[in-house]
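Reader: I would like a close look at one part of this model, with the cut-offs stated. Please take the pairing of strands and go on from there to the contacts of charged side chains.

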Amino acid sequence: MTALVVHQFAQCITCHAWSPDHSMVAFCPNNNEIHIYRSLEDKWERVHVLQKHDQIVSGIDWSAKSNKIVTVSHDRNSYVWSQEASEWVPTLVILRLNRAALCVQWSPTENKFAVGSGAKTVCICYYEQENNWWVSKLIRKKHDSSVTSVAWHPDNILLATTSTDGKCRVFSTFIKGVDSRDSGTSLSSDAKFGEQIIQLDLSFSWAFGVKWSPSGNTLAYVGHNSTIYFVDDVGPSPLAQNVAFRDLPLRDVLFVSERMVIGVGFDCNPMVFAADERGIWGFVKFLVERKMAPASSKYGSQFSEAFGKLYGQKQVGNDAVESSRPRGGVHENCINCILPLEKTGDGRVKRFSTSGLDGRMVIWDLEDQEDILLYS
């Protein structure tokens, strides 16, 4: 596995997004700013700092066709940034939220974007030509807790969400005058805005990181109980599978093909899951080979080290031993974001990027992984 550490951009990265030509990257360094860096001769140079939010920016998405950036924040606001000459000009989007906005994603045709929030609400935002502003319609009273992630179906109408109530849901976001019925699937052909298509009660813990496969036939999301869930034939009679693992929980996932998913999270090491010829999903491998701590480490020393870290104390003397946790990974803290970077003509992901709480952004190349490519 080829893993290139792009840059130690900050002490912590909340989220990131790539420009359409992948020459620039926007990220939040765990504050109320968005930093934009450009790649110049194998070096990264900061070219813009977007300052409009009052609190931590929790979500960024950069549209591939219209070259617009949408951001959301704990300040309950959203901005759509348009580039005019050399400057980025923000347009406020009224979300009508009384809690933090947590995540955002442009729809496939980029005529809408969805915002998940801590107000148990999903905002579907679209542009009104007559009034020259962005407006939102709300999906209310469907979630019992914060909406942690949103994902658009390729048909541009169905939207999947996860929540800290442990459930994954799929809604219709059809808006008259914005969407066409011809573009929808059989599930969304007659559904009204905000209508719940399906509710999946597979997890008994917080749920995160929902994603659709390239074809839209499979749905994947993760639970905070170290389990990943796969759902085929989303509709009245879905086929669900779950894969439990003994490692730390995941936070986000990415379909690199119809039959392969990469998950990232608290283990600081991307995990590969794949479906066999029968359609049964299972864990394949970690992308980075693990280096175990010396066998001489004792439980008491490990506990002492963890206790010291909890209270900010540095261990010295005989207790200064290596943790039993595997070391040597590319990331050194939780990976909270994974995005596709380069795709083939059939939609398979060749390269992807990750960012995490260690402030690192990493580009991963799947081309040299023959054992993994067998599953894709």
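Author: Four strands make up an open sheet in the order S6-S7-S8-S9, and their pairing is antiparallel. Strand S6 (57–62) and strand S9 (87–93) stand at the edges with a single partner strand each, so one side of each has no neighbour in the sheet. Direction ignored, neighbouring strands of this sheet are turned by 25° against each other on average; axes are lines fitted to C-alpha atoms, and angles run from 0 to 180 degrees between N-to-C directions. Strands are DSSP runs of E with at least two residues, helices runs of H or I with at least four, numbered from the N terminus, and two strands pair if DSSP finds at least two bridges between them.

This is a predicted model, in which local features need pLDDT of at least 70 and side-chain atom pairs count only at pLDDT 80 or more, while totals for chains, interfaces and linings use all residues. Residues are numbered from 1 along each chain as its sequence is written, and side-chain values use heavy atoms, leaving out hydrogens and water.

Within the sheet, S7 (residues 69–73) and S8 (residues 78–84) pair in the antiparallel sense over four bridges, and valine 72 has serine 78 in S8 as its bridge partner.

Strands S10 (residues 101–106) and S11 (residues 112–117) pair in the antiparallel sense over five bridges, with valine 104 opposite valine 115 in S11. The two strands form a hairpin with five residues between them, and glutamate 110 in the turn has a positive phi of about 65°.

A salt bridge is a side-chain nitrogen of Lys or Arg within 4 Å of a carboxyl oxygen of Asp or Glu, and the structure holds eight of them. One joins lysine 112 and aspartate 179 at 2.9 Å, N to O. Lysine 112 lies in S11 and aspartate 179 in the loop between strand S16 (168–172) and strand S17 (196–200), so the pair ties together parts 67 residues apart in sequence. Both residues are buried, where buried means under 20% relative accessible area, exposed over 50%, and partly exposed in between (1.4 Å probe, protein chains only).

Another salt bridge links arginine 360 and glutamate 332, with the closest N and O atoms 3.5 Å apart. Arginine 360 is in strand S28 (residues 360–365), and glutamate 332 is in the loop between helix H1 (299–310) and strand S26 (335–343), 28 residues apart. Arginine 360 counts as buried at 18% relative accessibility, whereas glutamate 332 counts as exposed at 58%.
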